[in-house]
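Let's take a walk through this fold together, one piece at a time. Keep the viewer open as you read.

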Amino acid sequence: MQNYDVLVVGAGPGGSSAARFAARSGLKTLLIEKRPDIGSPVRCGEGLSKEWMKEGEIKPNQHWISDEVKGARIYGPSEKKPIMLTAEKAGNEVGFVVERDKFDKEMAALAAEAGSDIWVKSPALQVIREGGRIAGARVRHNGNMEDVKAKIVIAADGFESEFGRWAGLKSIILAKNDIISCVEYRMKNVDSDVDFTDFYLGSCAPAGYIWVFPKGEKEANVGIGVTITQMKDRFDVRNYLDTWIRKHPGYAKGRTIQYITGGVSVSKVKEKITLPGLMLVGDAARLIDPITGGGIANAYISGKYAASVASQAIEADDFSQEMMSRYEQMVKEKFQKKHLRNWIAKEKLGTLSDETLDKLVDVLSDVKVNDISVQAVLQAVQEKYPEMISELEDLI
Ligand SMILES: Cc1cc2nc3c(=O)[nH]c(=O)nc-3n(C[C@H](O)[C@H](O)[C@H](O)COP(=O)(O)OP(=O)(O)OC[C@H]3O[C@@H](n4cnc5c(N)ncnc54)[C@H](O)[C@@H]3O)c2cc1C
């Protein structure tokens, strides 16, 4: 039997953040990870924005950065003039391409430095309940079953999160439209541009996109995400990516050194992400941005929020639903508005024809990103393609 103030399940960015900030506020904290090697195997495009790092108290470090880009380019189906999101225009939304395994290890190291215990190769297998609340987990550790009792449990166990379901948060079921199936090749000998992350929209990746994230000279992550309702069989996603690569000589000549698959949720934020004694963070709480599919930053920030509520709860000796709802409130205030807007945009973009997407990219490539207000976009569409106004009305 082990006793902790806080037990964190899962050592991705969300869990490492929760453990770091809980330990830093003086709580006796344990971070457990089922895999033997934190951050590995990588299942990620490895794109990372910058704007959250101040709040997350992360200093960029060359150890885990493989490329710092100047901007992002968004191409329509005909791949003519892209929308340019340069660092000046897009603020800090544009950022780094990282080595995700090194990044995740570094985040866990920050938790360790703050004083958290860490157990790897230690899956949580069962929820421990006590006095009407979640009070720990049964964990396999060093071949033994350990009951880890904790005043607060933070579940950061990712997209397939089981812990929340075991605890009784049954509502975390996704609509098929809200799941993206991804395939990615890490490729050598390609003609990617080290200064830009590139995104390709349209029927090349139905209701999703293709990405090219540079990892230094001649190397890039070339990946695709497709909404699963658009797939006829499970090989579809890879076929779409292979078809796109074949059409682009600068990538067709490349060689794959790593092959990655994975699922991403692109849903609204879940209504209920807490129970007495339990908070879900990151992907487990469905905090991935529905438009970009990026979730590292949101996971890290939500981990910090969960740790702060854990600290308040322990200080007040109050593990009630009301106390846990403080975390829900913080998450909603931070993410919900943008998340909902992006979810609506994602739903709409997935229905547009290649022709309409081309026109939209054409219009937006002329609008200064600083000016991407409803009025600016409407005016630009009205001037160039007045026939599109009615089709885009709900999106705009
Ligand atoms: C193909 C793909 C590409 C992506 N590309 C990007 C990108 O470019 N940029 C971006 O920002 N995001 C990207 N994402 C999303 C990003 O990876 C996630 O949003 C992010 O990892 C969420 O962090 P997390 O801590 O919530 O969960 P995770 O990083 O998934 O961590 C969860 C951890 O919990 C562990 N775990 C699970 N169950 C248990 C258990 N029972 N006991 C103990 N440990 C357990 C897991 O092993 C895992 O280590 C991508 C995702 C995929 C699949």
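In which sense do β12 and β15 pair, and over how many bridges? They run antiparallel, over nine bridges. Two strands count as paired if DSSP finds at least two bridges between them, and the elements themselves are DSSP runs numbered from the N terminus: helices are H or I of at least four residues, strands E of at least two.

Before going on, keep in mind that this is a predicted model, where local features need pLDDT of at least 70 and side-chain atom pairs count only at pLDDT 80 or more, while totals for chains, interfaces and linings use all residues. Residues are numbered from 1 along each chain as its sequence is written.

Back to β15 (residues 219-227). Within its pairing, G223 is the bridge partner of E184. Strand β14 (residues 209-214) also pairs with β15 in the antiparallel sense, over six bridges, and there P214 stands opposite A220. The hairpin of β14 and β15 has four residues between the strands, and G216 takes a positive phi near 90° in it. Eight of the nine residues of β15 are buried, so the strand is largely enclosed by the rest of the structure. Buried here means 20 or more other C-beta atoms within 10 Å of the residue's own, with C-beta atoms placed from the backbone (12 or fewer is exposed, in between is partly exposed).

Zooming out, the domain assignment, automatic or from a database, gives domain 1 (2-64 + 99-174 + 269-343), domain 2 (176-265) and domain 3 (352-392). The centres of domain 2 and domain 3, taken over C-alpha atoms, are 26 Å apart.

Now for the ligand. Its shell has 39 residues, the closest being G10, G12, G158, G282 and G295; a residue belongs if its C-beta atom, placed from the backbone, lies within 6 Å. Elements giving two or more residues include α1 (13-24), β12 (179-188) and α8. Domain 1 and domain 2 each supply at least three residues.

Finally, look at V281, in the loop between β18 (278-280) and α8 (296-316). V281 is buried, with 34 other C-beta atoms within 10 Å. Leaving out residues up to four places away in sequence, V281 touches I154 and A306, among others; contact means C-beta atoms, placed from the backbone, within 7 Å. I154 in turn is in contact with residues including V6, V8 and A310.

Key:
Two residues are in contact if their C-beta atoms, placed from the backbone, lie within 7 Å.
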